[in-house]
Amino acid sequence: MPRFAANLSMMFTEVPFLDRIDAAAKAGFTAVEFLFPYDHPAEAVGERLKRNGLTQALFNLPPGNWDAGEKGFAALPERFDDLKRSLDTALPYAKATGVKRLHLMAGIADRSNAKAVEQFYKSVAWAAEFFAPHGLDVVIEPINSRNVPGYFLNDFGFARDLITELKISNLKLQFDIYHCQIIHGDVTMRLREMMPITGHIQIASIPSRNEPDGEELNYPFLFAELDRLGYGGFVGCEYNPRGKTTDGLAWFKPYAGAKS
């Protein structure tokens, strides 16, 4: 049975950020993820998780100026010093929350630019090697260009090839089913191919990015497929609820309380 993590950047937004941890536990989730914790003290986030007995499944490394449109800087040669500082910023949060995987964002860059490709390889290797002694995986996520125009990492094949070439044991793929369906389609076959390098999965309906209970994909089939493939990681619920979060959790009820 898949282990679902509520994405607190998108779910339970009816309450302040730290209170969303309480709300997720009350709704039956045993794990959570979110984009960024950095507006709150690391100890406060960790304490709230511990109080609720929740596992932190994932969060992102600092992306730069998110409000100004920055989406990371791993593919930006002129921002390598910023990237290195971001690793130091994230580490106390990783220790306080007990998270085991961190998402490194590529940034807005042209993948046909050889310097951007070279920098992305360098940044990914640097981050993975930085976090390896701390027992942390680094994951990279292809993101569709409809949601994030110009995002450097917008192809699952490119991500697969990079991970395969670098051969770094704590470097994994973040397989967002929503993004995969929009970029490529053929989700099931790609899951089967890429499961050996996959460290985290995320879900949402397509095309609306709402609860995974309809539209293009048959999620009950995909959840069963994850079991068939032996996936033991978390499935992040990175979707925008249609209304109040708890009103849209009928899809989740058969899985509530799955142990982390």
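Predicted model: local features only at pLDDT ≥ 70, side-chain atom pairs only at ≥ 80, totals over all residues.
Which backbone oxygen lies 3.0 Å from a polar atom of the side chain of glutamine 56? That would be the one on leucine 58. Residues are numbered from 1 along each chain as its sequence is written, and side-chain values use heavy atoms, with hydrogens and water left out.

**Around glutamine 56**
- Glutamine 56 is buried, at 2% relative accessible area (buried means under 20%, exposed over 50%, partly exposed in between, with a 1.4 Å probe and protein chains only).
- The side chain of glutamine 56 also reaches the backbone oxygen of valine 32, at 3.5 Å.
- Leaving out residues up to four places away in sequence, glutamine 56 touches several residues, including Val32, Phe34 and Thr97 (contact means heavy atoms within 4.5 Å).

**Aromatic pairs**
- There are 23 aromatic pairs (rings of Phe, Tyr and Trp, the last by its six-membered ring, with centres within 6.5 Å; planes under 30 degrees apart are stacked, over 60 edge-to-face, the rest tilted).
- Phenylalanine 4 and tyrosine 255 pair edge-to-face, 5.1 Å centre to centre with 65° between the planes, and both are buried.
- Tyrosine 121 and phenylalanine 158 have ring centres 6.4 Å apart and planes at 90°, so they are edge-to-face too.

**Charges over rings**
- Lysine 71 lies over the face of tryptophan 66, 4.3 Å from the ring centre (the rule: NZ of Lys or CZ of Arg within 6 Å of the ring centre and within 35 degrees of the ring normal).
- Lysine 122 lies over the face of phenylalanine 80, at 4.4 Å from the ring centre.

Methods. Polar contact = N/O pair within 3.5 Å; in protein donor to acceptor, adjacent residues only side chain to side chain.
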